[in-house]
Amino acid sequence: MNIYESMAAVMEDCGAVAKSSTNEKQRYKYRGIDAVMNALNPALRKHKVFVIPEVQEQAREERTTQNGGLLIYSTVKVKYTFYAEDGSSVVATVIGEGMDSGDKSTNKAMSAAFKYACFQAFCIPTEEMRDSEEDSPEPTPKPAQKPKRATQERPSQEPAKETPKQRAAAAYPDRDEMVNTIIRVSNADALQNWLGRVNAPTVAEAPDAAIMALYNYYVQRGVA
C-alpha cells in the first residue's frame, strides 16, 4: 500500500484517545503523549508506517517565576515525515511549545508537536463515536399558538447583525500576532495559570475568545 492507503488503514484501526491525564497543579484534563503512542503504535506497526522527525527551528528563552525561580520556555518547529512500506511519504509540519524549570522544556515541546501532528494527521477523536439513536431526546410538543389578529402588524426586519467572528476580524490583528504578543509580555506563572483556566496546553491551542480577551487586556493596559 502507498502512504495514503496506509494512513487511512491506520485511522480505521486507531481508537479514540480520551483526556485521561490530569494536570494536578492547574486541575485540568488533557491527552498525554503516552496515550497517543499507545493508541497509534499497534496500528502503525500493523500497516508498516513509521515517522521520522526533523527539527527545523528551535527557540529557547529563560524566564523568572514570581518566586524567583528559573523557567525555561522552548518552542520548536518540527517536520514529521510519515513513510509507507513502498517508500511513499507525506509531511506534516507543526509547532510545539514547552516550559520546564530543568532541562526538559525542549523535550516537552517536541512531545507536544508530535502529539498534535498525530491528532491532526489521523483525526484521532477524544471519545468513541456514538450512534445518534443513543442520544436522541424525546420530542416535546410545541405549545399551542394563539391565532394572530388580522390587524396585527408584521414586524419589521432588522438588518443582519455582524457575527462575532466579523467583529473580531475588524477589531483585532491576526491570531498569530496575538499569540506571539501574549507569550512575549506574559509572566510565566500567570501564563501557566491562564492556560489552566482555559483548558489549553499551549497559547496557540487556546480558544479564540480567550486569546482575544487576554490580548485586549494587555492592550488596554498599554503592555501590548
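This is a predicted model: local features need pLDDT of at least 70, side-chain atom pairs count only at pLDDT 80 or more; totals for chains, interfaces and linings use all residues.
What covers the buried residues of helix 1 includes helix 2 (33-46), strand 4 (70-83), strand 5 (89-100) and helix 3 (105-122).

Within helix 1 itself, which spans residues 3-13, the buried residues are Ile3, Ser6, Met7, Ala9 and Val10. Because these residues cover an arc of only 160 degrees around the axis, they are placed on the same side of helix 1. Tyr4 and Glu12, by contrast, are exposed on the other side of the helix. At the N-terminal end, helix 1 is capped by asparagine 2, of which a side-chain oxygen lies 3.0 Å from the backbone nitrogen of tyrosine 4.

The second largest pocket has a volume of about 360 Å³. It is lined by 20 residues, of which Thr75, Ile95, Glu97, Asn180 and Ile183 are the closest to its centre. Two or more lining residues are given by each of strand 3 (50-64), strand 4, strand 5 and helix 5 (175-185).

When residues up to four places away in sequence are not counted, glutamine 56 touches Lys77, Val78, Lys79 and Thr93. For one of these, lysine 79, the C-alpha atom is separated by 6.8 Å from that of glutamine 56, although the two residues are 23 residues apart along the chain.

Conventions
Residues are numbered from 1 along each chain as its sequence is written. Side-chain values use heavy atoms; hydrogens and water are left out. Buried means under 20% relative accessible area, exposed over 50%, partly exposed in between (1.4 Å probe, protein chains only). Helices (H or I, at least four residues) and strands (E, at least two) are DSSP runs, numbered from the N terminus. The arc is that of the directions from the helix axis to the C-beta atoms. Contact means heavy atoms within 4.5 Å. A polar contact is a pair of N or O atoms within 3.5 Å; within protein, one must be able to donate a hydrogen and the other to accept it, and residues adjacent in sequence count only if both atoms are side-chain atoms. On a 1 Å grid over the protein atoms alone, a cavity is a set of points where a 1.4 Å probe fits but cannot get out, and a pocket is an open set with protein on both sides within 12 Å along at least five of seven lines; lining residues have an atom within 4 Å of a point. Grid points are joined across faces, edges and corners, and a volume is the space filled by probe spheres set on the points.
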